[in-house]
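Here's a quick tour of a structure with several chains. Have a look at it first, then read on.

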Amino acid sequence: MTEALTLRDVDRRFGGLKAVDSVSMTVSEGEIFGIIGPNGAGKTTLFNLISGNVSTMSGAIELYGRRIERMPVHRRARLGLGRTFQTSQLFAGVTVHENLEIAEVSSRRGVGGWLGSPTARRTVEAERVDLEAWDLADKGERLAGELTLFEQQRLALAMTLAAGARVLLLDEPSGGLVESEVHQLMELIRGIRDRGVTVLVIDHKMRLMMQLCDRIMVMALGAVITTGDPTEIAADARVRELYFGRAPVRGVERNERTGGPDPADAHTWRAGPTS
Amino acid sequence: MELLAQQMANGIVLGSIYGLLAICLVLIFGVLDIPQFALGAMAMLGGYVVFLLGPIVGYWVSLLAAMVAIGALGAVVQRLVFAPLRKAADVTVFVAAFGLVLIFQGLALVIFGPDPRQVPPSISGSLVIGGVHIAYHRLVIVGVVLAVFLALQWVLRSTRAGRVIRAVGQSTTGAQVVGIPTGRVAFAVMILGSALAGLAGGLLAPISQAMPLAGDSLTINAFIVIILAGMGSIGGALVAAYIVGLVESLGATYLSQDFSQLYSILLMLIVLLVKPSGLFGKKVSRV
Amino acid sequence: MSDLPPARNGLASGWGPGRIASLAVLLAAILAPVVLGSGYQLDLLSLVLINAMFLFALDLAYGQAGLAAVGHGAFLGIGTYVVGILAVKAGWPFWAAMPIAILVCAAAGLLMGLITLRLAGHYFVIASLALAIAVGLVVSAWQDLTGGALGLGLVPRPAGVGPVSFEAPSAFYWLLLAATLLVMLVCWSLRRSNVGTRLRSIRENPRLASALGVNIVLTRLLVLVISAALAGFAGAFQSTYLGFITPSVLASNVGFYALMALIIGGQRSFVGAVIGAAFFVLVPVLLQFSSALSPVFFGLALVVVILLAPDGVWGRLRALGRWVATRTRAARGGSSARLEPGQERSLP
């Protein structure tokens with residue numbers, strides 16, 4: 001299987017704090033790869049290192065075999081690395097249509113890519129198909145900032161794909177969504193994977209992660225604890241200890257705010273993943 | 001050799017004035033993130049205060065009056081212009097500050113006319129050491145600036161007020177979270193910085209005379225100084241200011257008078273190219 | 001939704017107040033020499049056109065690319081001096097010297113961009129200003145080439161093309177008008193192009209823009225170079241308009257005044273730039289009785305506009321026009337009046 005993204009011994013300190021401590025991992029093409037861990041485990045920093053928003057101190061990052069750890073953010077994006085941010089980031093002051101247009105234009109190259117017209121290759125028809133695929137068909141002329149949270153999340157996903165992402169980093173995609181929306185989101189992410197896109201996802205909703213991911217990596221204090229498929233992760237003693245302390249599963253009172261799993265998800269842990 | 005010593009002395013005096021303004025800038029720019037481009041013009045107005053009041057109440061009292069008056073002007077400017085622009089883009093704030101420069105300069109021109117006005121020094125006469133003449137007033141400038149620097153350093157390092165100011169400088173949001181009234185701190189820092197600009201203008205007036213355009217080169221040099229030094233410490237700003245003063249003074253003597261402003265600009269460009277964060281600065285955030 | 005309207009960057013689509021005002025201004029501009037004759041007033045209008053060209057160029061850097069190019073006056077001045085030197089010292093005709101001025105300014109813009117674009121916010125402003133001051137100092141001091149403080153002259157008017165001569169004030173004015181429209185066309189095309197789209201993304205959200213693959217520094221560099229080249233083009237015309245050039249065209253406040261005029265008129269809009277240019281030229285004329293008062297007036301106008309109308313005079317006028325339009329539509333069609341996206345809800 002093709003390796004889409006590889007990290008070798010990647011380090012990042014902030015002052016004395018080891019935010020990411022010698023992390024190595026390999027994600028295969030078309031995989032949905034989850035990263036879990038308590039708050040402060042270094043998950044978002046790891047994403048920032050991969051996308052280039054934070055620079056590595058040592059170690060190697062390879063995207064489809066190509067070293068990218070010294071490249072600026074935009075070059076990594078042009079090589080097919082897409083990401084969403086924890087607080088969904090859009091061009092809030094312009095319309096949905098224009099958001100997609102910007103995303104699509106940003107990946108164009110050559111003289112035409114600079115001086116050509118943004119509408120030259122993007123037909124009205126393609127635009128509509130695109131909007132329908134993301135269930136935004138009647139929202140084209142709305143300002144992105146006026147959309148609901150879930151609509152914004154869908155637009156953000158559509159934009160990364162329009163910009164040509166082959167490896168996608170999703171940071172807390174379910175943040176602020178209600179239960180039914182989380183379910184739809186899961187379907188959308190599977191759909192993205194089915195297009196051949198590799199997906200890395202960080203999320204606090206344990207049930208979502210267990211059902212969605214092919215493999216899960218567990219982090220704590222910047223280091224990798226273990227990696228495995230959801231069944232293995234759920235059964236792993238170290239992971240259970242990490243999340244529930246030494247106390248048995250009964251009496252779990254921590255929620256996602258304090259870093260543990262949502263109490264509502266506790267049954268998932270007892271029962272193991274449903275998928 | 002005497003010429004060299006003389007020019008070094010002049011350079012240090014010049015550097016002291018630039019340094020005082022640069023310290024004001026580091027405070028206002030560093031803590032409030034306001035590029036107060038009008039500080040030089042405010043210093044110029046401070047010079048006029050000393051020109052008006054000096055003959056009546058004496059130099060030192062008029063100098064104090066200049067600090068009070070320009071500090072008050074700073075309060076007005078903060079309340080009317082900069083506070084409402086808190087959330088505006090960097091560029092907007094900068095251009096607004098330039099609008100203030102035009103207003104202050106224009107008013108000085110309307111009220112006092114374009115001719116330079118003589119201002120008597122604090123102490124007349126000069127010190128002669130081995131053929132080098134240094135006016136006593138110039139020594140006063142160097143001394144006062146050093147005293148202000150040490151006092152500020154002590155306030156920022158060792159007092160509660162200083163810690164609060166530094167906290168706001170680090171992160172406005174963070175300071176708000178721990179309950180610091182950032183608006184009031186901003187107001188106080190603006191008044192302090194403006195009063196010091198008034199002091200700089202009052203100190204400079206006896207050497208350079210009071211005139212409407214006196215502030216222009218002051219502002220530009222003060223900004224050059226903080227770029228050279230890198231944002232961060234007022235100590236770094238003072239050292240960089242001495243360097244700029246020396247470069248300007250020595251360049252004007254040994255190279256060409258015509259280009260005196262150019263030397264410090266060239267120095268700044270070289271530093272920017274080699275070390276964009278400045279001589280003493282931490283890493284500057286890049287675009 | 002049956003079909004999607006085209007992107008709304010560039011000129012306002014449809015017969016909005018923008019389109020109507022633009023056409024009215026254009027018509028008035030073409031007919032001006034007929035109405036005004038060829039005296040002092042036409043002279044002032046010619047100056048407005050030169051400044052408008054420069055403000056269009058400046059708006060690319062400031063309004064579109066978000067660069068606080070306070071030192072941009074240097075490019076106008078360099079263009080002016082290149083044509084002046086070539087014409088006076090080497091006897092070059094205007095039409096040969098003008099392209100050189102454009103090239104020199106583009107190169108200067110590239111150099112300035114390479115030095116300053118890596119710097120964040122305020123640092124860019126100071127570096128750009130310092131470079132402009134440095135250019136002014138060099139030109140003043142290099143007396144052999146530039147005539148120093150004494151100035152340089154006389155720069156002749158452009159040679160005629162075929163049967164058309166540009167000696168008469170009205171003919172020269174129409175030439176300036178054509179040049180202004182050309183600059184406008186270049187700016188408009190750039191705003192409509194992918195570069196314009198990238199610039200919009202950088203203005204809206206730089207972090208997201210780079211995450212999507214936009215090279216912020218390169219995009220800004222490209223726009224800075226084009227903007228500098230256009231400023232050089234405007235400078236070439238300023239050279240032949242003035243005839244006699246002094247270092248005051250390179251004073252460091254030229255860029256500041258231009259930025260002020262643009263902000264007062266309204267950035268990211270051609271009409272706003274023209275309003276700004278007119279303001280810049282006419283205020284000193286109107287305040288002739290006291291030359292000291294005009295900077296005070298400029299400063300006050302600037303601060304008031306920044307505080308009360310961040311989108312400038314034209315931005316407020318446009319908002320007023322939309323407000324009136326919505327009101328009348330609402331009165332005619334009852335509750336069916338719908339706000340277009342991006343439209344303001346009400347006048348503040």
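**Chain by chain**

Of the 287 residues in chain B, 51% are buried (a residue is buried if 20 or more other C-beta atoms, placed from the backbone, lie within 10 Å of its own). Keep in mind that this is a predicted model, where local features need pLDDT of at least 70, side-chain atom pairs count only at pLDDT 80 or more, and totals for chains, interfaces and linings use all residues. Residues are numbered from 1 along each chain as its sequence is written, while chains are lettered from A and ligands numbered from 1 in the order in which they are written.

**Chain B as a whole**

- Chain B has 11 helices and two strands; helices (H or I, at least four residues) and strands (E, at least two) are DSSP runs, numbered from the N terminus.
- Walk along the sequence of chain B and you get α-α-α-α-β-β-α-α-α-α-α-α-α.
- The radius of gyration of chain B is 19 Å, close to the 19 Å that the globule rule gives for 287 residues, so chain B is as compact as a globular protein of that length. That radius is taken over C-alpha atoms, and the rule is 2.2 Å times the number of residues to the power 0.38.
- The C-alpha trace of chain B spans about 60 × 45 × 35 Å along its principal axes.

**One helix in chain B**

- Helix H4 (residues 90-112) of chain B has 23 residues, which at 1.5 Å a residue should span 33 Å; the end C-alpha atoms are 33 Å apart, so the two agree. The expected span is 1.5 Å times one less than the number of residues.

**Where chains C and B touch**

- The contact takes 35 residues from chain C and 37 residues from chain B (two residues are in contact if their C-beta atoms, placed from the backbone, lie within 7 Å).
- On the chain C side, H5(C) gives the most, with 11 residues.

**Strands in chain A**

- Strand E1 (residues 3-14) and strand E2 (residues 17-28) of chain A pair in the antiparallel sense over eight bridges; strands pair if DSSP finds at least two bridges between them.
- Leu7(A) stands opposite Met25(A) in E2(A).
- E1(A) and E2(A) form a hairpin with two residues between them, and Gly15(A) in the turn has a positive phi of about 60°.
- E1(A) also pairs with strand E4 (residues 58-63) of chain A, in the antiparallel sense over five bridges.
- In E4(A), Ala60(A) is the bridge partner of Arg8(A).

Notes
A residue is buried if 20 or more other C-beta atoms lie within 10 Å of its own, exposed if 12 or fewer, and partly exposed in between; C-beta atoms are placed from the backbone.
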